[in-house]
Amino acid sequence: MALKVSHVGFQSPKLPSFTLPRSSGVRSPRVSMASTVRSTTKEVDTMKKPFSPPREVHIQVTHSMPPEKVEIFKSLNDWAEENILIHLKQVEQCWQPQDFLPEPSSDGFIEEVNELRERAKELPDDYFVCLVGDMITEEALPTYQTMLNTLDGVRDETGASPTSWAIWTRAWTAEENRHGDLLNKYLYLSGRVDMKQVEKTIQYLIGSGMDPRTENSPYLGFIYTSFQERATFISHGNTARHAKEQGDLKLAQICGTIAADERRHETAYTKIVEKLFEIDPDGTILAFEDMMRKKISMPAHLMYDGRDDNLFEHFSAVAQRIGVYTAKDYADILEHLVKRWKIESLTGLSGRGEVAQEYVCTLASRIRRLEERAQSRAKQGPEVAFSWIFDRKVRL
């Protein structure tokens with residue numbers, strides 16, 4: 001976001017947060033479709049370069065978890081079946097996007113769409129920037145399933161593995177898939193956004209991937225998802241509140257329903273980390289410290305629309321300003337997890353573990369102090385054009 005804390009830019013969620021340090025990644029050159037190779041033949045002149053993502057992170061640590069810890073997760077397969085899969089719903093019990101949208105087979109479909117569009121007219125542009133940003137983040141779901149399947153000891157080894165960890169990943173993905181579908185269809189029907197620019201942003205984002213710096217470690221990965229699922233719950237909850245304040249109760253219901261899903265998923269991920277603290281408190285507190293020192297990055301931090309090189313920062317700044325997701329929320333989530341996992345009462349830690357414990361227990365208050373100082377020095381942000389809303393300008 002526009003907020004700067006110790007030279008680190010704050011972000012919004014799916015999951016939201018502070019940005020990666022500037023030195024952690026290098027952007028690739030923009031994709032150029034025309035070949036620069038000189039040739040006397042027309043065939044070579046018209047050759048196209050292979051696709052390369054507009055956002056790339058080149059320096060990464062992989063498979064940092066010791067092999068013996070992989071066995072911990074394999075041994076927890078039965079535990080996950082009894083304690084984690086219960087947080088999934090049967091498909092027939094789940095809501096579906098169509099439950100909230102005009103029925104296309106109905107004679108009243110056009111009338112229902114017109115009513116939706118009339119309500120959408122009352123919502124301000126800055127709200128739509130946040131709603132589109134949240135939707136695009138949800139639509140990059142293939143990346144998130146891929147990330148979970150990089151984690152050693154819990155990945156879906158075959159694509160249809162019967163292990164509890166693999167079942168969770170696939171079913172979690174299936175439940176999350178409804179979120180982007182619902183918001184995408186709503187925005188399409190609203191007529192308030194440039195859908196082609198939105199669709200390009202989704203394609204760019206999925207092509208670029210994400211780099212949460214979880215190092216193939218489920219310790220890091222499940223701490224990351226615990227944080228991000230709560231961040232998304234907060235973000236969608238706040239878009240629901242804003243919609244209600246603007247009088248669009250249907251949209252408020254949509255965003256609130258998605259938020260409820262995110263909270264249920266958060267419960268599952270935090271329960272996994274709670275179990276890790278029970279089995280391996282020292283290794284888990286060190287992983288928690290590691291992720292917080294890196295700063296939790298939103299999965300959509302590589303967002304790009306083909307025009308704005310700083311699109312994610314601009315989107316995050318708007319979300320910060322109107323209160324959809326803020327630096328205070330980041331600190332609140334950290335404080336919540338510290339309390340949820342009973343970090344302050346951990347005993348028997350190593351020397352390094354005690355240092356990590358002290359760090360994570362005091363970090364939230366430090367973030368709040370830095371945010372207060374930043375706010376006291378902050379000036380009104382500039383206006384920036386967003387291609388998602390037909391290049392209309394919104395204040396950061």
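**Rings and helices: a short tour**

Let's start with phenylalanine 222, which is buried, with a relative accessible area of 3%. Please keep in mind that this is a predicted model.

What sits beside that residue? A search of the whole structure turns up 16 aromatic pairs, and I'd like to show you one of them. The ring centres of tryptophan 165 and phenylalanine 222 are 5.7 Å apart, and their planes are at 25 degrees. Planes under 30 degrees apart count as stacked, so this pair is stacked. If you are new to this, a pair of aromatic rings is described by the distance of the centres and the angle of the planes.

Now look at where the two partners come from. Tryptophan 165 belongs to helix α7, residues 164-190, while phenylalanine 222 belongs to helix α9, residues 218-245. The pair therefore ties together parts that are 57 residues apart in sequence. And is tryptophan 165 buried or exposed? Its relative accessibility is 4%, so tryptophan 165 counts as buried.

Arginine 178 lies over the face of tryptophan 95, 4.1 Å from the ring centre. In another example, arginine 293 lies over the face of tyrosine 359, at 3.8 Å from the ring centre.

Let's move on to how helices pack, and come back to α7. Its axis and that of helix α5, residues 125-139, come within 8 Å and cross at roughly 140 degrees. That angle makes α5 oblique to α7, and the crossing is left-handed. On the α5 side, the residues that meet α7 include Phe128, Leu131 and Met135. Among their counterparts in α7 are His179, Leu183 and Tyr186.

My last stop is helix α13, residues 327-340, with helix α14, residues 351-377. How are these two arranged? They pack at an angle of about 165 degrees, with their axes 9 Å apart. Angles over 145 degrees count as roughly antiparallel, so that is the word for α13 and α14. α13 passes α14 in a left-handed crossing. The contact involves, among others, Tyr330, Leu334 and Val338 of α13, together with Val360, Leu363 and Ile367 of α14.

So, please find phenylalanine 222 on your screen and look for its stacked partner, tryptophan 165.

Note on methods: Residues numbered from 1 in each chain as written. Predicted model: local features only at pLDDT ≥ 70, side-chain atom pairs only at ≥ 80, totals over all residues. Heavy atoms only, no water. Phe/Tyr/Trp six-rings, centres within 6.5 Å; stacked < 30°, edge-to-face > 60°. Helix = DSSP H or I, 4+ residues; strand = E, 2+ residues; numbered from the N terminus. Buried < 20%, exposed > 50% of the residue type's maximum accessible area, 1.4 Å probe, protein only. Lys NZ or Arg CZ within 6 Å of the ring centre and 35° of its normal. Axes fitted to C-alpha atoms, helices over the stretch in contact; angles between N-to-C directions. Parallel < 35°, antiparallel > 145°, perpendicular 65-115°, else oblique. Left-handed = near helix turned anticlockwise from the far one by under 90°. Contact = heavy atoms within 4.5 Å.
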